[in-house]
Amino acid sequence: MLSMIIADDQDDLLDDMGLLCSYLEVNGDKLNVVGLCKNGFEALDALLTTRPDFALLDIEMPGINGVEVAKKARQMSPNTKNIICSGHADR
């Protein structure tokens with residue numbers, strides 16, 4: 001089973017992603033959400049404690065943004081694959 005954390009400061013998106021992953025888990029896909037994080041600090045804590053296979057990170061979060069979390073994740077949990085998402089249209 002693959003594990004992942006999701007970090008986003010928008011509660012509705014975080015809840016929706018958690019529900020989607022729960023649906024996948026119930027329907028036989030091997031995905032387990034081990035952390036729902038509302039900011040970069042929570043994401044770093046979750047990376048240290050759970051060492052997930054994947055981290056889905058919002059690019060713009062309070063405290064530490066997703067890019068900085070991904071940089072630190074390489075050192076803290078080198079086997080974690082990072083996916084950075086954004087609601088912004090510009091690069």
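These are my notebook entries on a predicted model of one protein chain.

**Entry 1: the overall layout**

I started by counting elements, and the chain has 3 helices and 4 strands. Reading from the N terminus, I get the order β-α-β-α-β-α-β. Next I looked up burial: of the 91 residues, 34% count as buried. I also checked how far along the sequence the contacts reach. Taking contacts with a separation of 6 or more, I found that 69% of them join residues 24 or more positions apart.

**Entry 2: helices α2 and α3**

How do α2 and α3 lie relative to each other? I looked up the angle between α2 (residues 40-50) and α3 (66-76), and it is about 15 degrees. Angles under 35 degrees count as roughly parallel, so I put these two helices down as roughly parallel. Their axes are 10 Å apart, and the crossing is right-handed.

Then I listed who makes the contact. From α2 I have Gly 40, Ala 43, Leu 44, Leu 47 and Leu 48, and from α3 I have Val 69, Lys 72, Ala 73 and Met 76. Sorted by type, that gives 7 nonpolar residues, 1 polar and 1 charged.

**Entry 3: Asn 65**

I moved to the loop between β3 (54-58) and α3, where Asn 65 sits. Is Asn 65 buried, exposed or in between? Its relative accessible area is 30%, so I wrote down partly exposed.

What does its side chain reach? I found two backbone nitrogens: that of Val 67 lies 3.0 Å from a polar atom of the Asn 65 side chain, and that of Glu 68 is reached at 2.9 Å. Leaving aside neighbours within four places in sequence, Asn 65 is in contact with Asp 58 and Ile 59.

**Entry 4: Thr 80 and Ser 77**

Next I went to the loop between α3 and β4 (81-85), which holds Thr 80. Ser 77 is found in that loop too. Buried or exposed? Thr 80 has 6% relative accessibility, so it counts as buried. Ser 77 comes out at 3%, so I marked it buried as well. The cut-off I needed here is under 20%.

The side chains of Thr 80 and Ser 77 are joined by a polar contact of 2.5 Å. I also noted that the Thr 80 side chain reaches the backbone oxygen of Pro 52 at 2.5 Å.

Which residues do they touch, if I skip those up to four places away in sequence? For Thr 80 I listed Leu 47, Arg 51, Pro 52, Asp 53, Phe 54 and Ala 55. For Ser 77 the list is Leu 47, Arg 51 and Pro 52.

**Entry 5: Arg 51**

Arg 51 had come up as a contact of Thr 80 and of Ser 77, and I wanted to see where it lies. I found it in the loop between α2 and β3. With a relative accessible area of 43%, Arg 51 is partly exposed.

I looked up its backbone last. Most residues other than glycine have a negative phi. Arg 51 is not a glycine, yet its phi is positive, about 45 degrees.

Note on methods. Residues numbered from 1 in each chain as written. Predicted model: local features only at pLDDT ≥ 70, side-chain atom pairs only at ≥ 80, totals over all residues. Heavy atoms only, no water. Buried < 20%, exposed > 50% of the residue type's maximum accessible area, 1.4 Å probe, protein only. Polar contact = N/O pair within 3.5 Å; in protein donor to acceptor, adjacent residues only side chain to side chain. Contact = heavy atoms within 4.5 Å. Axes fitted to C-alpha atoms, helices over the stretch in contact; angles between N-to-C directions. Parallel < 35°, antiparallel > 145°, perpendicular 65-115°, else oblique. Left-handed = near helix turned anticlockwise from the far one by under 90°. Nonpolar A, V, L, I, M, F, W, Y, C, P; charged D, E, K, R; others polar.
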